[in-house]
Amino acid sequence: MSAISIKKLNKFYDSNHVIRDASIEIESNSFTVLVGPSGCGKSTILRMIAGLEEVDSGTISIDGNVVNSLHPKERGIAMVFQSYALYPHMTVFDNIGFGLRLEGQSKHEIEAGVSEAARILKIEDLLDRKPRQLSGGQRQRVAIGRAITRKPKVFLFDEPLSNLDAALRVQMRVELAKLHDQLTATMLYVTHDQTEAMTMADRIVVLDKGEVSQAGAPLELYNSPKNSFVASFIGSPTMNFLNARAVAVTKGSVTIKLLDDLELKIANGDTAVSVGDELTLGVRPENLSLVQTPKAHCTGKVSVVEQLGSQTFLYLETVDGPLILEADGSTKIKVGDLAPISFDVKRCHLFNKHHQKI
Amino acid sequence: MTGNLKNVNVIGAWLLGFLWLWPLLYAIWAAIHPIEYQVRFDIFAPLTLFNFKNAWAQAPFAQYMLNTLIYVTLTTSSQFVVCALAAFAFARFEFPLKNVLFGLVLIQLLIHPEVVLIENYKTIRFLGLMDTIPAISLPYIASAFGIFVLRQTFKTVPKALDDAALIDGANTLQILRHVYIPLSLPTFVAYGLVSISYHWNNYLWPLIVTNSDDSRVLNVGLAVFSMEEAGVEWATISAATLMVTAPLIIAFLIFQRQFIESFSTTGIK
């Protein structure tokens, strides 16, 4: 059964339609990531699930119960905020135990709950401190601790790592994944960072302008994006896009022509393409390679070389447009060189003028 | 140039300070020496507590002190409750005519209490509260200044804390009680000090609505006492004045820092 089921959700801010008919199913005990650029409505959906924003139409169910009109505390959720939202005047102990105190639990129960959370998050020695005496990473742990003590059915995370520095973010990512295994709870995580989404999620929901663009396992989204938005959003560096035109259509393949008359035959199961259609060719940097000149599909002039050690990204200028190519870490190619390029035609994507994959 | 200017400032400040302190120094002198020294300065004059005893015996100062304490406590604590609730509503809720209502609160800031003296008097009479301590308090409880200052402070509390408290299971009043009020404590202290000193010194309104020793406050009692017969000596009046002002002066010395901060920061954020 789905832990959270969202059906035809809509939200307006004045006349802005910020969430459009969003329907999302979130499996029990899954780690689902809602991802999209800023302003796509991902935080709004999270806040509606939490009960911090009103729902204009549609339903949100948690564990089979519609929660649209329930107070946040009755929904069985806990939330971790981007700004941590710790109470500055309370100690770490009081911050973590505040929810239990409001529930009217005894001193003993509160102590037990807080020390359990502190043990899981390894913050036992911080319990007497005030939030201002903590580092960013420690504050984040306290915020997570506050969520854990409520023993919720669903954890909601609103960009919890974006205020941390890069090294700490990587570390917390691993810890959150471990925590998910440890607690076997449903976690819904909002981020604009596709790397976080790819590394942590069981399932990713990509949002674009308030609509669900595609939902699926990380590699499913990476390998078979439904549209050019998902294709460009997932993956770093981003997918290359080139303008093309269909010149021949057979059963199972489309031959396209790029600007420099280069012809490529792309495997394609769909036949809803006719000769002459304007298309977009999408190809990921790792599906382009440097080859010997006779085998090359085209050449590009190297404008930037980014060496990351294990791999090198080449930014190329070609007649067909700019391309990013992932080469070996040991490549000797320099800025200004002419690079012969080959396309892995089996792993190219074609999109129609409505940005849908064909 | 700036050095000289600074010296002038320092000397000026000392002069003004001394000018303001002079009456208090004289009152202390007159109060602790026998009557014959009230206009004669002699460093070796004998000390005495006779004037305090005399003043204490001539008027029910203990009753006045108790009345004042009840009046000030009642006023300030009621102001805390009413102003905190109103300020919370203005700071965090949307309701029809919110801005108009807040404008009315601000207009109240511009009106001197003495202007509405007669209307207030009529209201108190209508309520049948003449010559009672609540009658002295009532006009001050919905303090525009208090609402304004607390609203400004409440507005600086991050909204994310409301969200966090809601998720933790708090209702609206619990959010006010556990998040907003503790975070605004310095403002409550500062406002409380201003309010206490104002009401301790309040004279005209208590004079008008009270007419018996049962409800009279210190300030009014002192004035009545010093006007009664022309024969009362300065020494006795000085002793009585010191008794009346002592609690406030002691409180000022203890809370000096908050007191000055309250005047320099309130409402500016």
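Q: Where in chain A is the place of A:Lys209?

A: This is a predicted model, and in it A:Lys209 sits in the loop between strand E9 (203–208) and strand E10 (211–216) of chain A.

Q: What makes A:Lys209 count as partly exposed?

A: A residue is buried with 20 or more other C-beta atoms within 10 Å of its own and exposed with 12 or fewer, and partly exposed in between. A:Lys209 has 15 C-beta neighbours inside 10 Å, so it counts as partly exposed.

Q: How many residues apart in sequence are A:Lys209 and A:Gly41, and how far apart in space?

A: In sequence A:Lys209 and A:Gly41 are 168 residues apart, while their C-alpha atoms are 6.8 Å apart in space.

Q: Why are H2(A) and H4(A) called roughly parallel to each other?

A: Helix H2 (92–102) of chain A and helix H4 (residues 136–149) of chain A pack at an angle of about 25°, with axes 8 Å apart. Angles under 35 degrees count as roughly parallel, and therefore H2(A) and H4(A) are described that way. Their crossing is right-handed.

Q: Which residues make the contact of H2(A) and H4(A)?

A: From H2(A) come A:Val92, A:Asn95, A:Ile96, A:Gly97, A:Gly99 and A:Leu100, and from H4(A) come A:Val142, A:Gly145, A:Arg146 and A:Thr149. By class, the residues of this contact of H2(A) with H4(A) are four nonpolar, five polar and one charged.

Q: How many residues of chain A are in contact with chain B?

A: There are 16 residues of chain A in contact with 14 residues of chain B. Strand E6 (77–80) and helix H2 (92–102) of chain A are the elements that give two or more residues to the side of chain A that touches chain B. H2(A) gives the most, with three residues. The residues on this side of chain A are eleven nonpolar, three polar and two charged.

Q: How many helices and strands are there in chain A?

A: Chain A has eight helices and 20 strands. Its C-alpha trace spans about 80 × 45 × 35 Å along the principal axes, and buried residues make up 40% of its 358 residues.

Q: Which domains does the domain assignment of chain A give?

A: The assignment gives domain 1 (2–233) and domain 2 (240–351) of chain A. Their centres, taken over C-alpha atoms, are separated by 39 Å. Four residues of domain 1 of chain A are in contact with five residues of domain 2 of chain A. On the domain 1 side that touches domain 2, there are two nonpolar, two polar and no charged residues.

Q: What joins A:Ser236 and A:Pro237?

A: A cis peptide bond joins A:Ser236 and A:Pro237, with omega about -5°. A:Pro237 lies in the loop between helix H8 (228–233) and strand E11 (240–250) of chain A.

Q: How many helices and strands does the secondary structure of chain B come to?

A: Chain B comes to 14 helices and zero strands. Its C-alpha atoms fill a box of roughly 70 × 65 × 35 Å along the principal axes, and buried residues make up 29% of the 269 residues in chain B.

Q: Which domains does the domain assignment of chain B give?

A: Chain B is assigned domain 1 (1–48) and domain 2 (52–265), with centres separated by 31 Å, taken over C-alpha atoms. Their contact takes six residues from domain 1 of chain B and eight residues from domain 2 of chain B.

Q: How do you know whether helix H5 (residues 117–127) of chain B lies largely in the open or is mostly buried?

A: Of the eleven residues of H5(B), the number buried is one, so this helix lies largely in the open. H5(B) is followed by B:Gly128, whose phi is positive, near 70°.

Terms used. Residues numbered from 1 in each chain as written. Chains lettered and ligands numbered in written order. Predicted model: local features only at pLDDT ≥ 70, side-chain atom pairs only at ≥ 80, totals over all residues. Helix = DSSP H or I, 4+ residues; strand = E, 2+ residues; numbered from the N terminus. Contact = placed C-beta atoms within 7 Å. Nonpolar A, V, L, I, M, F, W, Y, C, P; charged D, E, K, R; others polar. Axes fitted to C-alpha atoms, helices over the stretch in contact; angles between N-to-C directions. Parallel < 35°, antiparallel > 145°, perpendicular 65-115°, else oblique. Left-handed = near helix turned anticlockwise from the far one by under 90°. Domains from an automatic or database assignment.
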